[in-house]
Amino acid sequence: MTRRRCPQSARLLLLLLAAALAGAQPGGLYSPGDPLVLLQVDTLERSVLNSSSAWLVEFYASWCGHCVHFAPTWRALAADIQEWSPTVKLGVLDCADIANQKACGDFGITGFPTLKFFKAFSKSPEDGMKVFHPGDSIQNLRQNIITNLEMHKETWPPACPPLEPASEEEIRGFFQTNNVTYLALIFETNDSFVGREVTLDMLQYENVAVRRVLSSEEELVKKYGMTAFPSSFLLINNGTFSRIPVQMEARSFYTHFLRRLPGVTRGPYTPTSMPDTPIDTTSTPRRPADRSKVYMADLESALHYALRVEVARFSVLMGEQLRALKDFVAVLAKYFPGRPFVQNFLRSVDRWLRNVKESRISSSVLELVLTNRKEGRAPAVLSNNVTWVGCQGSKLHFRGYPCSLWTLFHLLTVQATRHRRLSTGPLEVLGAMRGYVRSFFGCRECAQHFEGMAAKSMDKVRSVDQAALWLWSRHNRVNARLAGTETEDPEFPKLQWPPPDLCPACHGVVNRRHVWDEAAVLRFLKAHFSPANIILDYTEPETALVVRRSREAKEGAGEWAMGVGEERGEEEGEERGRNGKGEEEERGRNGKGEEGERGRNGKGEEEERGGNGEEEEEERGGNGEEEKEGEERRPGKPEGAGVGMEVGGLETRGSSGPRKPSIVWMNPKTQELEEDIVDLDSFSDLHYKSKALKAAAMVANKGRRVSKRDTIPLLLADDSHQAFDYAGAWESLRRRGMGSKQLIGALEEDEGDALRRNHWFRMLGVGFSRLDVSLCIVLYFLSSMCLLGMYTFFRMRHRKGRPGFPTA
């Protein structure tokens, strides 16, 4: 009894079904068992460039919903054309992997998934051509590969047989020039791909050749009596020929028949090889999370990925993209209730963007801004780590960045309701979010869906409360649309949020139908996304951020350009510190009511922030009158300038006296464009040089220049401060509920009247507070008076008791 073989069509169907149902592995959407090449940063160029094969590479992001949806199609395509190797190879590269992000940028990837075709012997990443893939049709993708192959005949893969139509002359002398037993002729119309697909299917098989014949080749069509297309004939080298007996004139039936011919065997070609570099498939340990809380680690990871990864994919920002970035960063700087260092980072980037006058920004310049490679006055650091806690999925390609971005958006809309005085309109936050998603969000299909929702109803929002509810309702619509699809994490189903166990009052029933109580939902949103509900678990400690910030600043010394030419050096900065004239520096700000350091030098002025017309009060040079702080800047209150207290001194603007630099050797042109940002290493400089700088300000008010003779005594200090643990002091003060501004106040205590002391008194008073010096003076005076009294008492007693001399 002979075993009945499974028809080729059934086998192919089972193969495609198995590929479609294959689960994604912990290392990404694809596994080493898939019939494609898993590329990495160190194998991408050496595999794709200068290759004798053509390549079709999918650049994807494991968090991208459309990439997750497209993965079964790409996996099935790889299985379908596996026999086309070594003519064409399929590969994948995960751009969400930190190690691969630069490589994706070098290859010009700005959205996901992106398919790029590289002809054989491609020389550079720019040789890759984008392949558009409408829908998820394997047939369309297969035909796209053939079309791209035929477009590059000058670099034809050596292993690829000819795909152009055969002529009568070629067929007549075929067996004289080719050492094969069989020749299959596929008669078809010009727009048919069947003949070319069968030719590539039989690429790895020997003793058989396939050629396509167009229906316009009248002599051959008449000779073989073709009346329907496609049709096929099999020619044998002994001169005989016959129709190919198949149940259906289709690719799979032709291929199945030809591979079973006597004497037809598979050639020496090897299947698609795997990369030399092993693929890391280890999963990240699960971090326990409370879903009733918001995690700062998720928010800071979203900021890092949005600004340093998504935006950085574009080599040049201009036009609408540049406006979208400015608006998005401005909203972040105004409303994000982050840690002080992160708030300083956002505000420094916002100020820099607002001061940019050019119509375009290169990615290299923006990279310098986003990595803080510059010395200044206040630590401004955003962690480079990506740590998902509340947004961690059961596998790497679930949740993650999209979840954290939704969380960030909800937080910003709720913060706008808490700080209505800062808002410029109900669409301020929503508009910035819409611009960012449209211009930078990597999942392009997701961005199109969001844009469609925004275009329909966003303009109907009339208040900041409605803005928060609009985003909530659209998020639930997205959850409903994606529920049950490949993008849903089975351990975190896409449900309508908030669920009843988090907000029972949000749910109601009317006529046996579920309804939302929007007033209760709004109250829940304001409570859930309030700063009090954000916890710092799994975040990088502030001390570690400051240490790394200091190291990066030192490594990046001299690299900062800021578009003003080369740095002029130390002498120009010192001259600026001694100069009796100050420059007024206009800086765009976003937010109103932001108040900087008060009362040390000057009388406050109010400036309008760029684009919003909001007032900001800063430290001024002038009369020494102390101003009041507004309600938004109470000591110890987490909301300060905008919504968060900025660490360290804010930028100084002198109206009449000289501008007070934080570092004597700072390049003045650099300071005109950027607010100074320093780490803890520069706090000691602030402490021991502040007296000289204040002396310069006082002397300037008297109308004369400051000489070295005036400043050198004030710069004298011992070296013991260098061993002081400023990071430890910072952490200690933070645990006591004091902010960084109090720390700077402790290091740089105001001593305006001390400037009138004599030279030696200033030197002896270094490192002591006014209270310490006053106590010393009082004790010295009392001890002196006591000694004087004792001396007077004993002298008088001695004179009274001394006997007199007799007289003559």
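Ring pairs join Trp63, Phe112, Tyr305, Tyr401 and Phe441 into a cluster. Rings of Phe, Tyr and Trp (its six-membered ring) count as a pair if their centres lie within 6.5 Å. The model is predicted: local features need pLDDT of at least 70, side-chain atom pairs count only at pLDDT 80 or more, and totals for chains, interfaces and linings use all residues. Residues are numbered from 1 along each chain as its sequence is written, and side-chain values use heavy atoms, with hydrogens and water left out.

A search of the whole structure gives 25 aromatic pairs. One of them, phenylalanine 233 with phenylalanine 241, is tilted, with 5.9 Å between centres and 50° between planes. Planes under 30 degrees apart count as stacked, over 60 as edge-to-face, and the rest as tilted. Phenylalanine 233 is buried, at 7% relative accessibility. Phenylalanine 241 is partly exposed, at 43%. Buried means under 20% relative accessible area, exposed over 50%, and partly exposed in between (1.4 Å probe, protein chains only).

Tryptophan 472 and tryptophan 516 have ring centres 5.1 Å apart and planes at 85°, so this pair is edge-to-face. The pair links distant parts of the chain, 44 residues apart. Tryptophan 472 lies in helix H18 (residues 464-482), and tryptophan 516 in strand S16 (residues 513-516). Helices (H or I, at least four residues) and strands (E, at least two) are DSSP runs, numbered from the N terminus. Tryptophan 472 is buried, at 4%. Tryptophan 516 is partly exposed, at 25%.

Charges also meet rings. The charged end of arginine 196 sits over the ring of phenylalanine 193, 4.3 Å from its centre. Here, NZ of Lys or CZ of Arg must be within 6 Å of the ring centre and within 35 degrees of the ring normal.
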